[in-house]
Structure formats: C-alpha cells, structure tokens
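Student: I am new to this structure. Please take me through its aromatic rings.

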Amino acid sequence: MTSSKDVVLNAWKTFSSRDKDRIAALFTDDAEWIAPKGNATAVALDHTDHMVGAEQIARFIAQEMHRMFSEIDIAFRGVYADSDIVIVEERMRATLSSGRHYENDYCFVFTVAGDKIREVREYMDTRKGWRMVFGEEG
C-alpha cells in the first residue's frame, strides 16, 4: 500500500506533465479543490475557487492555469503527513501572462482516500497575489 505522503508527492510530479487524463486519475471522482474566495487567479481567469470533480480539477491544472502562469518553478519547503492528511508548504515562482513576475507562498492540505486525493484545501497570501496579478490592492 502506498502512503498518503507518496500519493501526494507523486501527484505533484504528475501535475507537471500537464496530461489531463493522468492528473484526473489522481483524484476521486467527487474530489474537491477549495481555494480562498476571490483569489487573484480565480478572478483573472474567471474561474471558480471551489472545483468539484476529478475532471474539472485536472483541466484546471493541465490547461487553464497555464493561460496565466508560465515558467512555473515550485520549491517545496516541507511535506508533512499524518494518516490520510498531507500538508505541503511551497513557494511558487512564475511569469504571468502580462510578463510580470509572480512569487507566492502556499500551503496545501490534502486528504487522501486510499491511493487517490479526495480533497485539497489551498491557502496563500491573497493580498500579495492580487498585487502581483493586478498591480493594485484588492
């Protein structure tokens, strides 16, 4: 049996493939990805901050987020696991579609069910993200 931590670490590797079908296979059919309401990425892409279902989540990771971010560099600061909960601290750097630089710290709380991800709760500095994306306070 694969550990919850291994499931999540494998998911991060698979996310970078941008293969929608492989990414969807990482999640339960009814998986949820919950980000802060009104975050800059959701607003800029006119996208929901609460994705439901493996297909919607996979489409966002494989395609939609790349309309906004390129040259993505993710550096893990820590990965912590306890039973079916895995917490990932990371820093994401990227180039925005506007050409501006993006850099923000994130914390993701994954809930794993067997060998699939059932839920992701995403946290970030929303004010900093808003300033980098829109160049103003939100």
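Student: Are Trp12 and Phe15 buried or exposed?
Tutor: Buried means under 20% relative accessible area, exposed over 50%, and partly exposed in between, with a 1.4 Å probe and protein chains only. This is a predicted model: local features need pLDDT of at least 70, side-chain atom pairs count only at pLDDT 80 or more, and totals for chains, interfaces and linings use all residues. Residues are numbered from 1 along each chain as its sequence is written, and side-chain values use heavy atoms, leaving out hydrogens and water. Trp12 and Phe15 are both buried.

Student: What kind of pair do the rings of Trp12 and Phe108 form?
Tutor: Rings of Phe, Tyr and Trp (its six-membered ring) pair if their centres lie within 6.5 Å; planes under 30 degrees apart count as stacked, over 60 as edge-to-face and the rest as tilted. Here the centres are 5.3 Å apart. The planes are at 70°, so the pair is edge-to-face.

Student: How many residues apart are Trp12 and Phe108?
Tutor: Helices (H or I, at least four residues) and strands (E, at least two) are DSSP runs, numbered from the N terminus. Trp12 is in helix H1, while Phe108 is in strand E5 (residues 101-113). The pair links distant parts of the chain, 96 residues apart.

Student: Which residues do ring pairs link into a cluster?
Tutor: The whole structure holds 13 aromatic pairs. Ring pairs link a cluster of Trp12, Phe15, Phe27, Trp33, Phe76, Tyr106, Phe108 and Phe110.
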